[in-house]
Amino acid sequence: MSSQATSPKPAVRFASRGSSHYDVALAMFCVVLIVSNIAATKGIEIGSGSLTLGPVQLWPIVTDGGAILFPVAYILGDVIGEVYGFAAARRAIVAGFAMAVLASVTFWLVQHAPAASFYENQAAFEAVVGPVAQIVLASLAGYVVGQFLNAWVLVAMKRRTAEKGLVARLIASTGVGEVADTLIFCAIAATAIGITSFGVFLNYFVVGVLFKVAVEIVVMPITVAVIGWLKRREPTYWDAGTAP
């Protein structure tokens, strides 16, 4: 019986999260999440006229203000998961969750605090931040599921291919995470921005997924460049093998 030599399994590398670069990525992650939650209180409709297919509204496009920035959270999540690993991504997810809850509680307390006699914008303040609690609930529910799926898929794929296949695992992990995140978020947040029909809801969900994944693909060269930059500047990343 003959034996065949097998090539050694490539080392799977992750940098230590005790790094100033990780701290910056974590801070950016939390800020992006909080700002997106506030911006998401505004519904956005792009286009005029109406085009439907059965119960589904195809046109105009319906989204919310959070869609402008929220895809960056997944890009940062990809960077953290790829360079620092699942434990570091989990820490970022938990920290972002805590900061979003803190922001929501703060807005609720300020909204219900007695307004000064000279303050004339109470109604406007309530109109803007009033739905934040519902938006945050929707965001946190979708965010926890989506980000954990995103990190898990990315790291699982990396454990199989090591440094190869970066673009494939970035796209695959974001696609899985964004579908779950957007479905949960839209289901909870739709009524907060005035969506009441199933046709408009489908528009809201599908547009959200396509837009977020499209952003990921468009900025992929930047994401890959940032990941490469971090890997070269994190000495602990190469502890598992030899740096190129």
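Which element of the protein has the lowest mean pLDDT, and which the highest? I looked this up first, taking pLDDT as the predictor's confidence in each residue, from 0 to 100. Strand β2 (residues 56-64) has the lowest mean, 70, and helix α8 (residues 220-233) the highest, 88. I took helices (H or I, at least four residues) and strands (E, at least two) as DSSP runs numbered from the N terminus.

**Basis.** I note that this is a predicted model, in which local features need pLDDT of at least 70, side-chain atom pairs count only at pLDDT 80 or more, and totals for chains, interfaces and linings use all residues. Residues are numbered from 1 along each chain as its sequence is written, and side-chain values use heavy atoms, with hydrogens and water left out.

**Confidence.** I found a mean pLDDT of 79 for the protein, with 86% of its residues at 70 or more. Over residues 240-244 the pLDDT stays under 50.

**Lysine 158.** I located lysine 158 in helix α5 (residues 132-161). Lysine 158 has a relative accessible area of 0% and is therefore buried (under 20%; exposed is over 50%, partly exposed in between, with a 1.4 Å probe and protein chains only). Beyond four places in sequence, its contacts (heavy atoms within 4.5 Å) include Glu82, Glu163 and Tyr237.

**Threonine 174.** I placed threonine 174 in helix α6 (residues 166-189). Threonine 174 is buried, because its relative accessible area is 1%. Its side chain makes a polar contact of 3.3 Å with that of glutamate 216. Such a contact is a pair of N or O atoms within 3.5 Å; within protein, one must be able to donate a hydrogen and the other to accept it, and residues adjacent in sequence count only if both atoms are side-chain atoms.

**Cavities.** I counted two cavities of 30 Å³ or more. A cavity is a set of points, on a 1 Å grid over the protein atoms alone, where a 1.4 Å probe fits but cannot get out; lining residues have an atom within 4 Å of a point. A volume is the space filled by probe spheres set on the points, which are joined across faces, edges and corners. The largest cavity holds about 150 Å³ and is lined by 16 residues, with Asp64, Gly66, Phe70, Phe185 and Lys212 nearest its centre. Helix α6 gives the most to this lining, four residues. I recorded about 50 Å³ for the second largest cavity, whose lining includes Phe29, Gln147 and Asn150.

Terms used: 1 Å grid on protein atoms, 1.4 Å probe; cavity = no way out; pocket = protein on both sides within 12 Å on 5 of 7 lines; lining within 4 Å.
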